[in-house]
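Reader: I am new to this structure and would like to learn how to read it. Could you take me through some of its features, one at a time?

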Amino acid sequence: MTAQKGLWDAIVIGAGIQGCFTAYHLAKHSKKVLLLEQFFLPHSRGSSHGQSRIIRKAYPEDFYTRMMDECYQTWAQLEHETGAQLHRQTELLLLGMKDNPELKTIQATLSRQGIDHGCLSSEDLKQRFPNIQFTRGEVGLLDKTGGVLYADKALRALQHVICQLGGTVCDGEKVVEIRPGLPVTVKTTLKSYQANSLVITAGPWTNQILRPLGIELPLQTLRINVCYYREKVPGSYSVSQAFPCILSLDLAPHHIYGLPASEYPGLMKVCYHHGDSVDPEERDCPTTFSDIQDVQILRHFVRDHLPGLRPEPDIMERCMYTNTPDKHFILDCHPKYDNIVIGAGFSGHGFKLAPVVGKILYELSMKVAPSYDLAPFRMSRFSTLSKAHL
């Protein structure tokens with residue numbers, strides 16, 4: 001779309017799920033908002049593409065579980081506004097040894113927050129999930145709110161609603177310069193814009209944008225292998241057969257998660273929640289040794305625990321994570337320019353939480369009192385934060 005001239009209330013850089021929900025909340029509040037995206041939409045270069053994500057309330061931290069209450073409401077509202085199904089409840093099965101401290105903490109959080117869940121013994125698991133093989137006496141925790149978000153559909157729906165609400169989406173415009181001030185000036189490869197506030201939700205490209213503004217956040221960009229395994233018997237691990245999402249906590253150094261067969265018929269999505277450190281501009285570079293190691297971990301997991309799947313992936317795609325050291329988000333204002341707001345470091349678990357993240361970034365950009373305690377998300381928690389130019 002062609003951008004209107006004049007002063008914007010807010011410019012949002014990055015049209016992934018966080019940027020889209022930020023623009024959505026701004027437009028909902030009748031703000032004149034411009035959403036800029038460096039690539040032509042839709043694209044698969046960042047962290048928000050692909051057909052599915054897990055949605056859950058199961059978290060060790062109370063603050064994420066509390067945020068998810070409002071997230072579920074906003075996802076449902078977006079479904080109502082667009083007439084599109086964006087979510088399917090499947091339940092989420094968390095697997096670990098009985099004494100796994102993370103499993104215990106998550107169960108305690110769900111209990112404290114009054115979330116519908118169930119605890120399953122080793123025997124319960126074998127009876128209820130005969131197509132999962134349990135080899136070490138694992139126990140299960142069932143988050144009954146868990147399910148699948150249809151990611152690509154959600155992004156398209158949001159971008160459509162933003163425009164319907166009077167917002168403007170401009171793709172194929174890479175930001176080349178930001179001049180702080182009131183107003184802030186944003187120069188792209190095509191045009192120059194001015195706004196009262198700026199929100200940066202640029203994913204793996206965040207530090208590239210922030211360095212000229214005097215800060216560098218402790219972010220690590222990882223390339224994740226997204227693998228799809230074929231069912232030996234069609235439908236045995238499918239959404240239609242009520243197979244849940246799964247999250248294995250202690251079979252590898254990092255979590256392994258799976259989503260029931262849905263997006264590719266007959267293929268179950270299984271991923272390792274870690275990857276290879278990579279420059280976002282070189283995400284398509286050849287496979288590395290650690291890529292091979294990660295797929296090997298998944299091969300062993302599928303062979304040993306999901307015997308109804310063929311252990312070699314039929315399809316392998318890639319996604320990007322942008323991780324903080326503590327895996328919690330950064331939602332904060334620039335330490336020198338308070339009309340520049342930063343949303344970053346979503347660490348591979350931000351998609352489901354985007355409705356509330358977008359609301360918080362809207363509130364920060366409009367100087368509205370935040371709806372949530374932002375202490376866990378302040379950038380000042382990192383002593384390594386570079387402020388060389390401030």
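Author: Start with one residue. Glu-91 has a relative accessible area of 19%, so it is classed as buried. The cut-off that matters here is 20%, and buried means a value under it. Keep in mind throughout that this is a predicted model.

Reader: Where does Glu-91 lie?

Author: Glu-91 sits in the loop between strand E4 (87–89) and strand E5 (92–96). Its backbone deserves a look too. As a general idea, most residues other than glycine have a negative phi. Glu-91 is not a glycine, yet its phi is positive, about 75°.

Reader: Which phi does Ser-30 have?

Author: Ser-30, also not a glycine, has a positive phi of about 60°. This serine belongs to the loop between H1 and E2.

Reader: Is Ser-30 buried or exposed?

Author: Ser-30 counts as exposed, because its relative accessibility is 67%. The cut-off for exposed is over 50%.

Reader: How should I read the peptide bonds?

Author: The general idea is that most peptide bonds are trans. In this model the bond from Leu-182 to Pro-183 is cis, and its omega is near 5°. Pro-183 is located in the loop between strand E10 (175–179) and strand E11 (184–188).

Reader: Next, strands. Which strands pair with E12?

Author: For each pairing, look at the direction and the number of bridges. E1 and strand E12 (residues 192–200) run parallel and are joined by six bridges. In that pairing, Leu-7 is opposite Gln-194 of E12. E11 and E12 run antiparallel, with four bridges between them. Here Lys-187 has Ser-192 in E12 as its bridge partner. Strand E20 (residues 340–344) pairs with E12 in the parallel sense over three bridges, and Leu-198 has Ile-340 in E20 as its bridge partner.

Reader: How many residues lie between E11 and E12 in their hairpin?

Author: Three residues lie between E11 and E12 in that hairpin.

Reader: How do I read the nonpolar core?

Author: The largest nonpolar core has 49 residues, and Trp-75 and Leu-353 touch the most other members. The elements that give two or more residues to this core include strand E1 (7–13), helix H1 (17–28), helix H2 (62–82) and helix H8 (354–365). A second, separate core has 28 residues, among them Trp-8, Leu-36, Ile-215 and Leu-219.

Reader: Where does Leu-353 lie, and what does Leu-353 touch?

Author: Leu-353 is in the loop between E20 and H8. Leaving out residues up to four places away in sequence, Leu-353 touches Tyr-59, Tyr-64, Met-67, Met-68, Cys-71 and Phe-329. Leu-353 counts as buried because its relative accessibility is 0%.

Reader: How many disulfides does the structure hold?

Author: The structure holds zero disulfides. For Cys-319, the nearest cysteine sulfur is that of Cys-271, 8.3 Å away, and Cys-319 is in no disulfide.

Reader: Are Cys-20 and Cys-319 buried or exposed?

Author: Cys-20 is buried, with a relative accessible area of 0%. Cys-319 is buried as well, at 9%.

Reader: What surrounds Ser-238?

Author: First place the residue, then list its contacts. Ser-238 is in the loop between strand E13 (220–230) and strand E14 (245–248). Its relative accessibility is 7%, and therefore Ser-238 counts as buried. Its side chain makes a polar contact of 2.8 Å with the side chain of Ser-240. Apart from neighbours within four places in sequence, Ser-238 is in contact with Glu-231, Phe-243, Pro-260 and Ala-261.

Reader: Finally, how is the chain divided into domains?

Author: A domain can be made of several stretches of the chain. Domain 1 takes in 8–48 + 152–216 + 327–381, and domain 2 takes in 92–144 + 220–323. Over C-alpha atoms, the centres of domain 1 and domain 2 are separated by 30 Å.

Note on methods:
Residues numbered from 1 in each chain as written. Predicted model: local features only at pLDDT ≥ 70, side-chain atom pairs only at ≥ 80, totals over all residues. Heavy atoms only, no water. Buried < 20%, exposed > 50% of the residue type's maximum accessible area, 1.4 Å probe, protein only. Polar contact = N/O pair within 3.5 Å; in protein donor to acceptor, adjacent residues only side chain to side chain. Contact = heavy atoms within 4.5 Å. Disulfide = S-S within 2.5 Å. Core = buried A, V, L, I, M, F, W, Y, C linked by side-chain atoms within 4.5 Å. Domains from an automatic or database assignment. Pairing = 2+ DSSP bridges.
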